[in-house]
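I opened my notebook for a quick tour of this one. Here is the model I had on screen.

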Amino acid sequence: MDFSFTRQQEMLINMVREFAEKELAPKALDLDEKGEFPHDIIKKMAQLGLVGIVSPKEYGGSDMGHVARMIAIEEVSRIYPPLGFFFQAGQLAIYMFQMFGTDEQKKNCLTPLCKAEKVACTAVTEQTGGSDPSAMQTTAKLVGDDYILNGRKVFITLGGVADICCLVAKTDDKFNAFYVEKGTPGYEIGRRENHTGMRCIPVNELIFTDCRIPKSNLIGQEGRGLVAALTVIAGIGRMGAAGIALGASRGSYEAAVKFAKERELYGKPIINLQGLQFMLADMNVDIEAAKWLCYYAEWLLDQGKSTREIGSEISRAKVFSSEVAIRTNIKAIQILGGYGTTSEYHVVRRLKDSIELLSAGGTQEIMRVTIGRNIMA
Amino acid sequence: MSLNIVVCIKQVPDPEFFSKITIDPVKQTIRREGIPTIINPLDKYALEEGLRIKERFSGKVTVLSMGPPNAREVLEEALAMGIDDAALLCDGMFAGADTLATAYPLAGGIKKLGNFDLILCGNETVDGATGQVGPQLAELLGIPHITFVNEIKWTNERELIVNRALERGYMKLQVSLPVLISVVKGINEPRLPTVLGIMEAAEKDIKSFNAQDIDVSEANVGLDGSPTRVTGVFEHQSKRKGEMLEGLPEDIVKRAIKRLRELNAI
């Protein structure tokens, strides 16, 4: 058993931390207020090799694996969770092409995505509910050499800025995965949701009206589209959400410790108050526990386990970390007192971002259902 | 035409943890256990400048450091930034060296590495802050040196004009290679290593030279070779105490002026 990071992983931690502190920290408030997608920052992250961190080198990735991806998401989210959310959502399509795409699709789509020359979204959820994807109504009718898409997707993260959309639709009673490029007639971006957190990452409705795409836009095997999407959602989406939660927790915990050491009451720093130490100790235990659930699941993926084999490990990491993020951020707000909900201290912003994680990549209840089913089996 | 550039760097305690450094009252030495180490901040500017010069003229950048075995870590970080080659001068005999006894092995290491055109250093370190090693090294190598450099302009591949940042202005100097230049903050913005750079760094070989390899005499290195001695180390006790005024800015200003008058500060 070895719980230590490799030297390369340690260097990655330092690199991403420095990047986040220099590039993201000064811009976080502004990005949140404006709500504009930060293309320039995403490009810088791609130049550092972070966007394609789990992808093969031959397609512009850096192939450092899932533990490395967790490091990147944790460190970015420690400062600014919405950019962790970019990894969570943007890498869904990257992984989809990587795992299930043809060589041609990898060359045409995966490479520009790893380099952030293009951005992609992944559209599964519909009005019928994200937790029951099999109830989806979007259709893909095969006509000659083309598929014709009709339907609506909702709550699609990055939908408004995506150059490529990976989606799942029904062909008769089979689920197929496809990709559609921006500008394809019949592919329309609908309204942007006004979510409380992750403000600079647009979440939109997407509308497909007689949208014709070539048969070569089918991703993976026919009829295996939903399986492909769920594989990607588990390995990338859920682990991504877990990593954002971990980073968001740690950022606010560190802010709370710093504040408690500096803020004086009754003639000494408030960290001397035992009631406050108890709160910090609880936060500390929660974060350490979440950290090891997250890194263990990612390590298993690096060992070659499939997302199906480690459904419980992934779900544990996601369900626990997301809840830790909520309670850690609330405790941090309590410790900071009146300052806790001011924008300058960034804690309330992390709480708002953390709330979004409760449903991202699957609800907390779906995580528990997955774990419960494995207990029953 | 390509240039052989050597950048000298030092592993130093992370300044963010300086407050956690304690002193061993018996041995009169600094306890560094548990204090993370980093590349001396100014040395990163030297590394970046070396890389930029290489990108302009082609050539090779080698990073050199003297230190204990774990100083390999800062060399790995330099390699991750894109430095071509690394060497560590490591020998128990080097321990306890002052600046001159550091410059001797560095000069030996540079000679061992072969031909060079340009040596780059950070102007000083955050732990010792003497700024002496660069100039001493240049003297031992018999080449000119220029310190406090915040800009290098090339007139051709062998000749450069540098800007020395001085307290009340600057000095422009023209110099030909070979030369040693110590750089200050502002000369560039050091790059971050990329993920690929980090992964490739692990595959690169780091040379290790001991005293015998670089042919330096025991009398010139380590504690014995050091003409200066640290006779005592003490912890600075700050007697100053801060006072925090809170409230509306207008009130704070009035109260601050009142307090400063009470203290006869204004």
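**Ground rules.** I worked from a predicted model, where local features need pLDDT of at least 70, side-chain atom pairs count only at pLDDT 80 or more, and totals for chains, interfaces and linings use all residues. Residues are numbered from 1 along each chain as its sequence is written, chains are lettered from A and ligands numbered from 1 in written order, and side-chain values use heavy atoms, with hydrogens and water left out.

**Interface.** I began with contacts (heavy atoms within 4.5 Å) and found 21 residues of chain A touching 16 residues of chain B. I then looked up buried area, which is the accessible area (1.4 Å probe) that two parts lose on being put together, summed over both. Chain A and chain B bury about 1,500 Å² between them, with 62% of it on carbon and sulfur atoms. On the chain A side, R7(A), Q8(A) and M11(A) lose the most area to chain B, together 35% of what that side buries.

**Salt bridges.** My rule was a side-chain nitrogen of Lys or Arg within 4 Å of a carboxyl oxygen of Asp or Glu. Five of these salt bridges cross the interface of chain A and chain B. R7(A) pairs in this way with E76(B), and their closest N and O atoms are 2.5 Å apart. Helix 1 (residues 7–24) of chain A gives the most to the side of chain A that touches chain B, with nine residues; I took helices (H or I, at least four residues) and strands (E, at least two) as DSSP runs, numbered from the N terminus.

Over all chains, I got 37 salt bridges. I also noted E75(A) with R250(A), at 2.8 Å between the closest N and O atoms. E75(A) lies in helix 4 of chain A and R250(A) in helix 7 (residues 225–262) of chain A, so this pair ties together parts 175 residues apart in sequence.

**Backbone.** Most residues other than glycine have a negative phi, and most peptide bonds are trans. I therefore flagged two spots, given that background. D63(A) is not a glycine, yet has a positive phi of about 50°; D63(A) sits in the loop between helix 3 (39–47) and helix 4 (66–79) of chain A. The peptide bond from L177(B) to P178(B) is cis, with omega near 0°, and P178(B) is in the loop between strand 11 (169–176) and strand 12 (179–183) of chain B.
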